[in-house]
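Here is a friendly briefing to read alongside the model. Take a look at the sequence and the structure first, then work through the points topic by topic.

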Amino acid sequence: MNYFEVAFTINSEEEYQRDLLINALGEAGFDTFEETSAGFNAYIPADSFDENVFLHALNTYQDVFSFTWEKTEVPQKNWNEVWESNFEPLIIKDKCYVRATFHEPKVQYPLEIVVDPKMAFGTGHHQTTTMMMEFILEEDFAAKRILDMGAGTGILAILAAKRGAKNITAIDYDPVCYDSILENSRLNNTPFDEVLCGSKEIIPDKQYDIILANINRNILLDQMGKYAEVLVPGGQIYLSGFYEADLEILSPEMNKLKMLYVKHKTLDDWCAVKFLKQT
Amino acid sequence: MAKQVSALIKLQIKGGAANPSPPVGPALGAKGVNIMEFCKQFNARTQDKPGKVLPVVITVYADKSFDFIIKTPPVAIQLMEVTGIKSGSAEPNRKKVAQVSWEQVETIAKDKMTDLNAFTVESAMRMVAGTARSMGITVSGNAPWN
């Protein structure tokens, strides 16, 4: 997705004026701002930009202080390239070796995953991905039907497939991740039943034995009702992407949906947790 | 030994909405930082303030590791929320647009104390009152230290 960058030059010594303008642009749909020596740059996805809303936001401040701006388009690019070119292969529980395409394979590990992350999330390096992968290595996935929500690079679904899972649905709302899932599932020779781009609305009307969701607290709270609908009684659900303190908020909500806490792992305050749906 | 700093990046990002697009992508990506890791952390730490624009200062180290500090919303924004005004005054000395109490100044001062590098509540309150005056907001009554 292309972005618009609007560079603002503020002709004033007063720092608060910049803050007011940033706040107004935030309400007008801009999501990120970078402070510069002349003022600041504001960023918005090109398809969310509305000229009228933008000019209206500036209008309030035009009489209060003086500023100029210039809009340019920033094309989509893989900004993560530098990190990727240096990423270290990873070994999880002495069983699973995660590497990039440019690393040499290591045959001593029973399972190997090749990821080309681009700007999708999930190389196993993040604590939440590591813990979710540990769960998949510890638990029985043979012949299970799997839903992977917020799949990112697809790494969890790929590992589930390598552990014997049969029917896999992988979903991510980000088109970059959607492409990444398709690419990585090919790289690992683990075809999925479905790869979908969207949110909870596009979860197929099926039944799953296991759900994997490494996203964040607020999205999990929003989507867990839908998970409860598609999970079979006795089915397992693994959640991550939040801090241990958030478990106190998530757990009671899961209980209301008859998905009961079994156990959790923590790593540097991050948390991954297993629930079982009541039979 | 302290780690060598390779860059200090000052951004303002909506709570829970960090993503690998510009400026986060290019700013962190050029330094070799794992952008997705920053986004995941920022969003988890700001999930209670969705949609609020929050200043964040990211320190990138020579070994490509990073840490960051999330600040509370700027003083001017907090004053705006308290008073309900939309912008500051064009002529703050002559045209006043709103009024706040010293109690309100104190609440904001306490919230912003660490960000303002203030050592005492009083010095933080003086800074908040200064911003209020330059926006054309009167602080009513006598300062508590008078």
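A:Ile91 is partly exposed, at 40% relative accessibility. This residue belongs to strand S5 of chain A, which covers residues 90–92. Please keep in mind that the model is a predicted one.

- Which residues does A:Ile91 contact, once its neighbours within four places in sequence are left aside? They are A:Cys96, A:Tyr97 and A:Tyr109.
- Between A:Ile91 and A:Asp63 there are 60 Å in space, C-alpha to C-alpha, for a separation of 28 residues in sequence.
- A:Gln223 sits in helix H7 of chain A, which runs over residues 217–230.
- Is A:Gln223 buried or exposed? With a relative accessible area of 4%, A:Gln223 counts as buried.
- Not counting residues up to four places away in sequence, A:Gln223 touches A:Met149, A:Ser199, A:Lys200 and A:Ile215.

**Where chain B meets chain A**

- How many residues does each chain bring to the contact? Chain A brings 41 residues and chain B brings 42 residues.
- About 3,700 Å² is buried between chain B and chain A, and carbon and sulfur atoms give 60% of that area.
- Of the area that chain B buries against chain A, 19% comes from B:Gln12, B:Lys40 and B:Gln47, more than from any other three residues.
- Between chain B and chain A the count is 1 salt bridge. Its partners are A:Arg217 and B:Asp48, whose closest N and O atoms are 2.7 Å apart.
- Polar contacts across the interface of chain B and chain A come to 15 residue pairs, with both residues at pLDDT 80 or more.
- On the side of chain B that touches chain A, at least two residues each come from strand S1 (5–14), helix H1 (24–29), helix H2 (35–45), helix H3 (75–83) and helix H5 (121–134) of chain B.
- Which element gives the most to that side of chain B? The answer is H2(B), with 7 residues.
- By residue class, the side of chain B that touches chain A has 20 nonpolar, 14 polar and 8 charged residues.

**Salt bridges**

- Side chains of opposite charge can pair when their charged atoms come close.
- Over all chains, the structure holds 22 salt bridges.
- One of them joins A:Glu134 and A:Lys265, with the closest N and O atoms 3.5 Å apart. A:Glu134 is in helix H4 (residues 127–138) of chain A and A:Lys265 is in strand S13 (residues 259–267) of chain A, so this pair ties together parts that lie 131 residues apart in sequence.
- A:Lys265 counts as buried, at 17% relative accessibility.
- A:Lys256 and A:Glu253 also form a salt bridge, and their closest N and O atoms are 3.0 Å apart. These two residues are separated by about one helical turn because they are 3 residues apart in helix H8 (residues 247–256) of chain A.
- A:Lys256 is exposed, with a relative accessible area of 61%, whereas A:Glu253 is partly exposed, at 29%.
- In chain B, B:Glu106 forms a salt bridge with B:Lys110, the closest N and O atoms being 3.1 Å apart. Helix H4 (residues 102–112) of chain B holds both residues, 4 residues apart, so about one helical turn separates them.
- B:Glu106 is partly exposed, with a relative accessibility of 28%.
- A:Glu15, A:Arg18, A:Asp19 and A:Glu35 are joined into one network by salt bridges that share partners.

- A:Cys197 is in no disulfide, and the nearest cysteine sulfur, that of A:Cys177, is 8.4 Å away. A:Cys197 is partly exposed, with a relative accessible area of 37%.
- B:Cys39 is buried, at 4% relative accessible area.

Terms used: Residues are numbered from 1 along each chain as its sequence is written. Chains are lettered from A and ligands numbered from 1 in the order in which they are written. This is a predicted model: local features need pLDDT of at least 70, side-chain atom pairs count only at pLDDT 80 or more; totals for chains, interfaces and linings use all residues. Side-chain values use heavy atoms; hydrogens and water are left out. A disulfide is a pair of cysteine sulfur atoms within 2.5 Å. Buried means under 20% relative accessible area, exposed over 50%, partly exposed in between (1.4 Å probe, protein chains only). Contact means heavy atoms within 4.5 Å. Buried area is the accessible area (1.4 Å probe) that two parts lose on being put together, summed over both. A salt bridge is a side-chain nitrogen of Lys or Arg within 4 Å of a carboxyl oxygen of Asp or Glu. A polar contact is a pair of N or O atoms within 3.5 Å; within protein, one must be able to donate a hydrogen and the other to accept it, and residues adjacent in sequence count only if both atoms are side-chain atoms. Ala, Val, Leu, Ile, Met, Phe, Trp, Tyr, Cys and Pro count as nonpolar, Asp, Glu, Lys and Arg as charged, and the others, Gly among them, as polar.
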